Amino acid sequence: MSLRSSPERSDRKKELLRDDGPDLQDFISGELSEKNKWAEYKGTLKRQKGERLRLPPWLKTEIPIGKNYNRLKNTLRDLNLHTVCEEARCPNIGECWGGGEYATATATIMLMGDTCTRGCRFCSVKTARQPPPLDPDEPYNTAKAIAAWGLDYVVLTSVDRDDIADGGAEHFAKTVTNLKERNPQILVECLTPDFRGDLAAVEKIALSGLDVYAHNVETVRELQRHVRDPRANFDQSLSVLKHAKKVKPTVLTKTSIMLGLGETDQQIISTMTGLREAEVDCLTLGQYMQPTKRHLKVEEYVTPERFAHWEKVGSDMGFTYTASGPLVRSSYKAGEK
Ligand code: SF4
């Protein structure tokens with residue numbers, strides 16, 4: 001059955017579209033309409049050996065940090081919760097090495113601490129074999145805090161916790177259940193780890209009452225080994241997304257790809273085809289940004305026009321929505337388009 005033509009799916013989409021939360025534009029003061037200037041940009045966009053690319057103008061936007069941001073940050077600190085900057089999965093939200101030049105659009109809460117058991121080469125989250133134990137109060141505290149903010153859409157994500165038997169799936173699911181109990185209206189997206197392919201863990205979260213099940217493949221199939229921790233791979237990630245859909249067909253599934261890591265057009269197309277075959281509903285494509293000098297270099301700055309091209313390709317392929325742009329981050333919420 002085509003996902004696009006399903007009445008259930010279109011109701012779901014309408015429901016999401018009704019969501020009148022802030023959109024990306026609310027967070028970006030830079031004028032995206034300065035396109036004409038960008039077209040004249042003469043800087044190098046593809047990296048040559050030994051070279052480091054300069055940031056092109058379409059990525060130089062300012063993030064207004066308002067009082068809501070401060071209020072949010074204070075509650076998080078009080079409750080010992082973590083936010084994550086989707087720029088580079090970096091917990092130093094708004095304090096990035098690039099001087100806060102880019103946008104972080106959605107309230108994204110990172111569960112299970114700030115230390116990951118994996119070490120992907122694009123991600124600046126702290127790594128340890130044995131991170132501190134889970135805080136058993138976190139599901140309750142998180143639900144309480146989010147309900148108090150009055151948000152209507154939230155993304156819950158986490159580091160990978162390969163040190164815990166179920167990878168933290170129960171902890172994740174409890175957070176969603178608590179949150180939905182307090183606020184049944186809130187739309188919840190969970191951006192989960194791959195749980196080493198443990199489908200029982202995926203199922204626990206998919207059935208927890210969430211609205212969007214997100215798991216990122218991060219890059220094209222061919223670059224998985226180069227970009228992600230060796231314990232991750234494309235097929236394992238695909239199995240997570242497929243299983244979430246299988247056990248809860250009304251849930252929207254979502255994934256993200258970073259561009260600018262050296263992938264070819266053909267590789268992007270076949271990755272998108274694979275995702276569609278796995279019935280993934282939503283796709284985001286954004287520019288990879290190097291978080292620190294120790295991380296993978298940007299191989300290419302993809303132009304806004306090229307991102308628009310991929311958005312069209314995604315729509316033509318039948319994704320319920322495709323969000324594609326230099327500043328689009330994986331937490332870009334389903335329902336903004
Ligand atoms: S699994 Fe990789 S991308 Fe995810 S938090 Fe850990 S190091 Fe970062």
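T255 stands opposite L283 in β9. This is a predicted model, in which local features need pLDDT of at least 70 and side-chain atom pairs count only at pLDDT 80 or more, while totals for chains, interfaces and linings use all residues. Residues are numbered from 1 along each chain as its sequence is written, and side-chain values use heavy atoms, with hydrogens and water left out.

Strand β8 (residues 252-259) and β9 pair in the parallel sense over six bridges; pairing requires at least two DSSP bridges between two strands. Helices (H or I, at least four residues) and strands (E, at least two) are DSSP runs, numbered from the N terminus. Between β8 and β9 the chain passes through helix α10 (residues 265-277), and this β-α-β crossover is right-handed, that is, with the strands pointing away from the viewer, the path from the first strand over the helix to the second runs clockwise.

β9 also pairs in the parallel sense with strand β10 (residues 321-324), over four bridges, and C282 stands opposite Y321 in β10. A right-handed β-α-β unit is made by β9, helix α11 (residues 304-317) and β10.

In a regular strand the side chains alternate between the two faces of the sheet. In β9, C282, T284 and G286 point one way and L283, L285 and Q287 the other, and all are buried (under 20% relative accessible area, 1.4 Å probe, protein chains only).

L275 touches residues including T255, I257 and L283, not counting residues up to four places away in sequence; contact means heavy atoms within 4.5 Å.

Notes:
Buried means under 20% relative accessible area, exposed over 50%, partly exposed in between (1.4 Å probe, protein chains only).
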